[in-house]
Amino acid sequence: MAKYVSALSHQTNVGAEPKAVSALRDCFSTLRDAVDEIRSSLAELRRMPSAGSISGTSGPSGGADDFRFQMSNVQTWMSAALTNEDTCTDGFDVVADSQVKAGVCDQATKVKKVTSNALALVNSFAAKVEGEQVFD
């Protein structure tokens with residue numbers, strides 16, 4: 001999506017609409033932030049112990065408090081990525097209807113659905129681990 005928006009912002013036919021150019025640049029910036037947040041989430045998930053190996057103690061080997069902290073980071077970053085994706089499309093509210101606007105908004109809708117699903121899976125996993133009282 002970020003590559004798509006970047007390519008659109010470099011097309012000469014978009015230059016006729018200054019609001020569209022501005023919206024595309026802002027969208028690219030917020031999508032770049034969303035990508036960073038998703039990458040941070042993935043890196044944090046890779047560092048986490050498996051749910052079955054979490055003990056009720058915290059410490060260098062990880063534990064309940066570390067797991068909760070790491071999961072909270074993942075949830076926060078995924079939520080921020082979703083917010084940034086929304087911000088991308090918000091910038092097009094002031095742009096006249098066009099193929100560029102429709103294309104970006106359609107693509108952003110798809111990306112938001114995937115991000116929302118990923119966040120739901122993370123939230124479900126966190127609730128499941130807590131619900132199974134793995135930390136007791």
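Residues are numbered from 1 along each chain as its sequence is written, and side-chain values use heavy atoms, with hydrogens and water left out. Because the model is predicted, local features need pLDDT of at least 70 and side-chain atom pairs count only at pLDDT 80 or more, whereas totals for chains, interfaces and linings use all residues.

The chain contains four helices and zero strands, and its elements run α-α-α-α from the N terminus on. Helices (H or I, at least four residues) and strands (E, at least two) are DSSP runs, numbered from the N terminus. Of the 136 residues in the chain, 36% are buried, where buried means under 20% relative accessible area, exposed over 50%, and partly exposed in between (1.4 Å probe, protein chains only). Contact means heavy atoms within 4.5 Å. Among contacts between residues at least 6 apart in sequence, 70% join residues at least 24 apart.

Helix H4 comprises residues 99-131. At 1.5 Å a residue, its 33 residues should span 48 Å, and the end C-alpha atoms of H4 are 47 Å apart, which agrees; the expected span is 1.5 Å times one less than the number of residues. The buried residues of H4 include Val-104, Ala-108, Lys-112, Thr-115 and Leu-119. The buried residues of H4 pack against helix H1 (2-9), helix H2 (18-47) and H3.

Two packed helices are described by the angle between their axes and the distance between the axes. Axes are lines fitted to C-alpha atoms, for helices over the stretch in contact, and angles run from 0 to 180 degrees between N-to-C directions. Helix H3 (residues 64-90) packs on H4 at an angle of about 165°, with the axes 9 Å apart. H3 is therefore roughly antiparallel to H4 (angles under 35 degrees count as roughly parallel, over 145 as roughly antiparallel, 65 to 115 as roughly perpendicular and the rest as oblique). The contact of H3 with H4 involves 17 nonpolar, six polar and five charged residues; Ala, Val, Leu, Ile, Met, Phe, Trp, Tyr, Cys and Pro count as nonpolar, Asp, Glu, Lys and Arg as charged, and the others, Gly among them, as polar.

H1 and H4 pack at an angle of about 170°, with their axes 10 Å apart, and H1 is thus roughly antiparallel to H4. In this contact, Tyr-4, Val-5 and Leu-8 of H1 meet Val-100, Gly-103, Val-104 and Gln-107 of H4. Leu-8 counts as buried because its relative accessibility is 9%.
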